[in-house]
Amino acid sequence: MPEIRVERLLKSFGSLHAVDNVTFEFPDASVTCLLGPSGCGKTTLMRMVAGLEHPTSGDIFFGDRRVTDLPPRKREIGMVFQYPVVYKGLSVRDNIELPLKSEKLAATERKQRANEVIELLGLGPSADKDPSKLDNGTRQKVAVAREVARQPQIILFDEPITNVDATAKLQLKRAFKELTKRLNQTIVYVTHDQTEAMTLADRIALMRDGKIVQCDAPRELYSEPADRFGGWFLGNPGMNFFAAELASADGAWQLRSPLLPGPTPVDGTNLRPGPVTLGIRPEQVRVTTRRSAEAVPGTLLRKSIQIGGQYLLVLMAEGLGDQTLKAKVTPEAGLLLPDAGDVWIRLPHDRVFLFGEDGGALAARVGTVHDKVPA
Amino acid sequence: MTDSAPIVAFDGIAQQYKRLRVLNGITLDIDRGDFAVIYGPPATGKSVLMRILVGLEEPTAGRVMLRGFDATKIPAAARNIGYVPQSFALYPHLSVHDNIGYPLSLAGMSAHDAEPIVRHAAEMLRITEHLEKRPDQLSGGQKQRVAIARGIAKQTDLFVLDDPLAGLDFKLREQLVEDLRGLQADTKATFLYTTSDVVEAMTLADTLSVLDGGRIVESGSPERLYQRPGNLRSMHLVGFPPANFLPASLVGQAGALRCRTSLFEVPVDVTGPLVGDVVVGLRPEHVRLSPGVGGNGRSRAGDGVSMPAQVLLREDLGGEEIVYLGINGQSLTAVDRHQLPAGELPEATVTVDPADLLVFSAANGELIGHGQGKADRATGERHA
């Protein structure tokens with residue numbers, strides 16, 4: 001299966017660069033999610049790969065083949081859209097077999113391919129029904145099945161589960177995982193939903209303002225954001241950011257922040273003294289009523305129950321001005337805390353990120369002593 | 001009228017459109033200064049109740065008490081409620097500024113008097129820099145802020161916000177949820193807020209009222225409803241992902257009562273009739289997972305029960321995972337804070353502490369007891 005390469009790809013609408021000079025490779029035989037907020041250019045980028053939009057400049061290659069000027073049907077790709085495309089009046093099986101007929105496949109081969117995808121997607125009970133009798137989620141499965149049965153080398157998915165209900169979403173996610181485990185197509189999957197991307201992707205390409213700002217495996221993207229945007233966009237809620245100060249003392253770097261009890265050693269390269277941004281994910285912040293030398297005193301303003309019984313804590317600490325800190329703690333830890341009042345806040349050093357003035361992550365490690373983090 | 005009277009009291013409110021009964025006797029007090037959230041699945045009549053409160057609909061039966069007086073027949077304009085309707089429309093030909101000020105001028109306020117109120121509302125919603133723009137120059141989230149600003153640009157002690165964040169993407173909601181709490185702290189007014197998003201409801205509410213089937217199922221602090229729901233329906237509705245429920249039956253006798261499900265049998269403490277069908281409720285965070293396969297569904301007195309499970313899907317939310325499991329045809333949902341190793345994991349071991357189980361009557365859904373766990377995890381304290 002070929003990889004997809006885009007080179008210096010630009011799509012402008014007037015003065016707006018929807019896709020801004022992107023050079024990127026979608027590796028073969030894997031799932032790459034284009035993730036980003038609305039208007040980031042992810043759909044435009046995918047539509048150019050599909051041939052539905054022509055780039056203002058730049059090139060697109062499938063393997064060694066330049067496809068920039070080819071019309072969509074000559075690119076030999078499969079596409080699944082936000083709204084399922086199915087033909088009413090034809091059974092699910094016929095829907096799946098229809099495109100195979102135009103490829104002049106032998107009837108037995110056609111039947112076999114249809115049976116395979118019907119089984120793979122769990123469409124057996126619906127195989128002889130008319131799609132108009134099916135719910136939206138199952139219809140979308142039919143649309144997926146039809147594209148998969150054609151066995152194109154590349155399949156593009158454009159927010160395929162955005163418009164189905166919660167139960168069907170889960171079914172489609174499961175089906176998609178099963179499918180991609182067994183197939184080795186090059187898959188591009190566009191979504192604005194971080195959970196979907198984190199769940200389905202081999203790699204996530206995070207987009208903002210027409211550019212790919214980071215591309216990594218889901219867990220790496222989450223735990224090692226390349227810039228503030230990645231820290232903010234992923235996570236629920238996203239990363240906390242606070243102004244901090246980097247200083248050098250006796251040839252070593254020190255970090256000063258109201259959230260750290262004292263100057264804290266920093267190890268890193270290309271550092272400069274001055275203001276930096278300290279970032280920490282809410283679920284990494286430790287909050288207790290017990291005083292400790294590694295913690296700073298703070299005030300718990302509010303606590304509320306979140307996903308899975310975790311508690312979201314809204315906290316204040318001296319030196320943060322009117323900015324609040326959010327912490328997400330385990331159900332057990334949250335139950336032990338008062339509804340409001342005095343607490344101690346600790347940031348595990350190895351979970352603290354530093355960002356420069358341009359928002360990019362600094363190559364720095366906070367704390368030299370290895371931090372043992374209790375669960 | 002006294003200040004100690006609830007600012008709003010719904011007294012047996014029913015609403016029926018021809019044969020369709022939407023509200024079926026809503027009796028609920030809203031306390032002064034509260035951030036009160038009415039939460040329920042979509043299309044359960046939350047908006048209808050809000051429209052009755054602000055005076056856009058008259059109920060089929062019941063009374064709306066407002067600031068201690070019967071307001072059922074008082075026209076909307078005289079109720080002095082700041083209102084953000086669920087589907088708002090901004091006036092396309094008016095600037096953001098004039099959109100926000102429109103209800104004030106409609107109420108006869110001079111532009112001079114309205115100006116500081118409009119400015120203040122815009123400041124609170126952080127749209128000051130957009131005041132001179134027209135709605136079509138704004139993003140969806142900015143428009144929503146304008147609609148909220150228009151609703152709160154009013155000097156009153158009561159604001160009604162009817163699912164104001166519906167349809168926004170979740171990063172925007174995250175920001176606006178925080179803004180709304182701040183807004184209430186600033187104005188010290190009573191906020192009555194509806195939503196069909198349970199996490200939003202739990203995050204915002206001082207008092208959470210669950211509306212379902214035309215009735216208030218239960219009302220209380222989100223923490224109380226979550227930790228100690230009074231009935232099966234509120235355990236099902238309050239919490240995400242939704243709790244697990246297993247059909248079960250009580251066996252044994254007083255003092256040594258056990259609860260038998262298709263997955264396990266555990267000792268329980270139950271009040272009321274000691275035989276018959278029950279339903280066991282189990283929160284996803286209490287379905288504890290470990291890699292590898294073990295357990296047989298039995299427990300010795302007070303120990304956890306373990307059993308092997310098939311992992312059907314792991315949904316990664318970033319900070320945590322929702323894990324969908326199958327055990328002998330029974331599905332179970334778990335939440336894991338990345339204690340499980342990443343990557344392929346076809347099977348895992350599920351462990352349940354019986355103390356985490358709640359027991360409901362199968363007949364009427366009322367909470368009747370709980371499982372018996374380890375001695376040092378006394379349930380009374382844990383669930384208080």
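Because the model is predicted, local features need pLDDT of at least 70 and side-chain atom pairs count only at pLDDT 80 or more, while totals for chains, interfaces and linings use all residues. Residues are numbered from 1 along each chain as its sequence is written, and chains are lettered from A, with ligands numbered from 1, in the order in which they are written.

**Chain B overall**

Of its 384 residues, 43% count as buried. Buried here says that 20 or more other C-beta atoms lie within 10 Å of a residue's own; 12 or fewer makes it exposed, anything in between partly exposed, and C-beta atoms are placed from the backbone. Looking at contacts (C-beta atoms, placed from the backbone, within 7 Å) in chain B with a separation of 6 or more, 63% link residues 24 or more positions apart.

**The cores**

A nonpolar core is a set of buried Ala, Val, Leu, Ile, Met, Phe, Trp, Tyr and Cys residues joined through C-beta atoms within 7 Å. The largest one has 132 residues, and B:Val37, B:Leu49, B:Ala121, B:Ala149, B:Val160 and B:Val359 have the most contacts inside it. Helix α1 (residues 46-54) of chain B gives the largest share, six residues. Eight of the nine residues of α1(B) are buried, so the helix is largely enclosed by the rest of the structure; among them are B:Leu49, B:Met50 and B:Ile52.

A second, separate core of 66 residues includes A:Ile77, A:Val117, A:Val142 and A:Leu234. A:Val142 sits in helix α4 (residues 136-149) of chain A and is buried, with 27 other C-beta atoms within 10 Å. Its C-alpha atom is 12 Å from that of A:Leu98, 44 residues away along the chain.

| Residue | In contact with (C-beta atoms within 7 Å) |
|---|---|
| B:Ala121 | B:Ile100, B:Ala149, B:Ile152, B:Ala153 |
| A:Val142 | A:Pro84, A:Val86, A:Val92, A:Asn95, A:Ile96, A:Leu123, A:Pro131 |

Five strands of chain B form an open, antiparallel sheet in the order β15-β19-β16-β17-β18; strands pair if DSSP finds at least two bridges between them. At the edges, β15 (288-291) and β18 (330-336) each pair on one side only. The twist averages 45° from one strand to the next. Strand β17 (residues 321-327) and β18(B) pair over seven bridges, and B:Val323 stands opposite B:Ala334 in β18(B).

Helix α5(A) packs on this sheet, touching β16 (305-316) and β17 of chain B, and its direction makes about 90° with that of β16(B). Axes are lines fitted to C-alpha atoms, for helices over the stretch in contact, and angles run from 0 to 180 degrees between N-to-C directions.

**Where the chains meet**

The contact takes 31 residues from chain A and 25 residues from chain B. On the chain A side, the elements giving two or more residues are α5 (166-182), α6 (194-200), α7 (218-223) and β16 (296-305).

Notes. Two residues are in contact if their C-beta atoms, placed from the backbone, lie within 7 Å. Helices (H or I, at least four residues) and strands (E, at least two) are DSSP runs, numbered from the N terminus. Lists of a residue's contacts leave out its neighbours within four places in sequence.
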